[in-house]
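Biologist: Before we look at the model, could you show me how to read its accessibility and its charged contacts?

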Amino acid sequence: MQEILTCAMGLDIHRDIIVACLAKGELGSGPEMEIRSFSTLIPEMKKLRDWILEVDCRRVAMESTGIYWQPIYEMLEPCFDGEINIPVVNARHRKNVPGRRTDMRDAQWIATLLRAFLLKGSLIPDKAFREPQHLTRYRKSIVHDITAQKNRLDKFLQSCGFRVTAFLSDAFGASWHNIIRHLIQDGSIDRAALDKCLKTQTRKRIDQILIALNGNLSIHQRSFLLSPGNNESAGKCKSAHIYKGNPYLKSMLCEVGWVISGKRTLYLSGWYWRIKQRKGAKRATIALARKRLTLIYSMLKAGQPYNKDCFEQRRKRCERKRAHRMVNELQKLGYMVISPN
């Protein structure tokens, strides 16, 4: 392979150890390889940083396996006043490059590929963008955990004969929490206690709610309401023929897709409902998310803004083709079709 860089370093990062290989030398000649090992503790990582500054190595590549690369990336990012290139490469891409010797260590192979400019780094946003990104992703995980626990609790009450969510618009509002507290304490509920638990307009349906709560919880079942459970969903698990991608982008596209599905005047909304009739709501949501992602890619590639008129033109073309196909079918059956125009 052709060498392009005179100085490059490869890092093989594990949980407890970092193996660093410095490849330095003139182009066209075999580089000198120096391999050092460091622990993943802060003092040792500072030694690695000082070594990089000492040898003036401004190209350092590491693998993006797990999360072990993040602290060393944060430490090396400000080196040379930010004038350092730290590609975080995918392990699959590195392993697919041919030419590696069997006795070569991972860090040495990373340095060799980096010196030949054969590594493609993953997209790592700037620190100013990463920090709010971590907060939003953490909040999203917390919301998912809370929703999973709510679903677990509702599923457990359903199995015990309590149908409280069938009559409450806000299944986890103030009235629902009051009912749960009373059930944990007494195991059952009567009309007087239910009247105290219900708030505002829900009191108008107290008779229906009382029938839905006609059950009894044992001491074990009451204690179970306080304990955490698994994240198993009550829905059916069906195969999804989509590739793994960015889960945050997928979630955002699906949320926007749900909003679009409620706007019946939009072309994408009509497209969603046609898919839903054949495939179901979940697959239609994923299909709409993928279609929108394709539209965004086409807009960025062509450098053009969003134009909804193209959908109307396509709809008219489809209608003409459909009309032409129906006319041909009628003519095959012996009918004479006269155009209204």
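Modeller: Let us start with accessibility: buried means under 20% relative accessible area, exposed over 50%, and partly exposed in between, with a 1.4 Å probe and protein chains only. By that scale Arg 191 is partly exposed, at a relative accessible area of 42%. This is a predicted model, in which local features need pLDDT of at least 70 and side-chain atom pairs count only at pLDDT 80 or more, while totals for chains, interfaces and linings use all residues. Residues are numbered from 1 along each chain as its sequence is written, and side-chain values use heavy atoms, with hydrogens and water left out.

Biologist: With which residue does Arg 191 meet in a salt bridge?

Modeller: Side chains of opposite charge can pair when their charged atoms come close. The criterion is a side-chain nitrogen of Lys or Arg within 4 Å of a carboxyl oxygen of Asp or Glu. Here the partner of Arg 191 is Asp 207, at 2.3 Å from N to O. The pair links distant parts of the chain, 16 residues apart, with Arg 191 in helix H7 (residues 191-197) and Asp 207 in helix H8 (residues 206-212); helices are DSSP runs of H or I with at least four residues, numbered from the N terminus.

Biologist: How many disulfides does the structure hold?

Modeller: A disulfide is a covalent bond between the sulfur atoms of two cysteines. Taking a pair of cysteine sulfur atoms within 2.5 Å as the test, the structure holds zero. For Cys 7, the closest cysteine sulfur is that of Cys 57, which at 3.7 Å is too far for a bond.

Notes:
Helix = DSSP H or I, 4+ residues; strand = E, 2+ residues; numbered from the N terminus.
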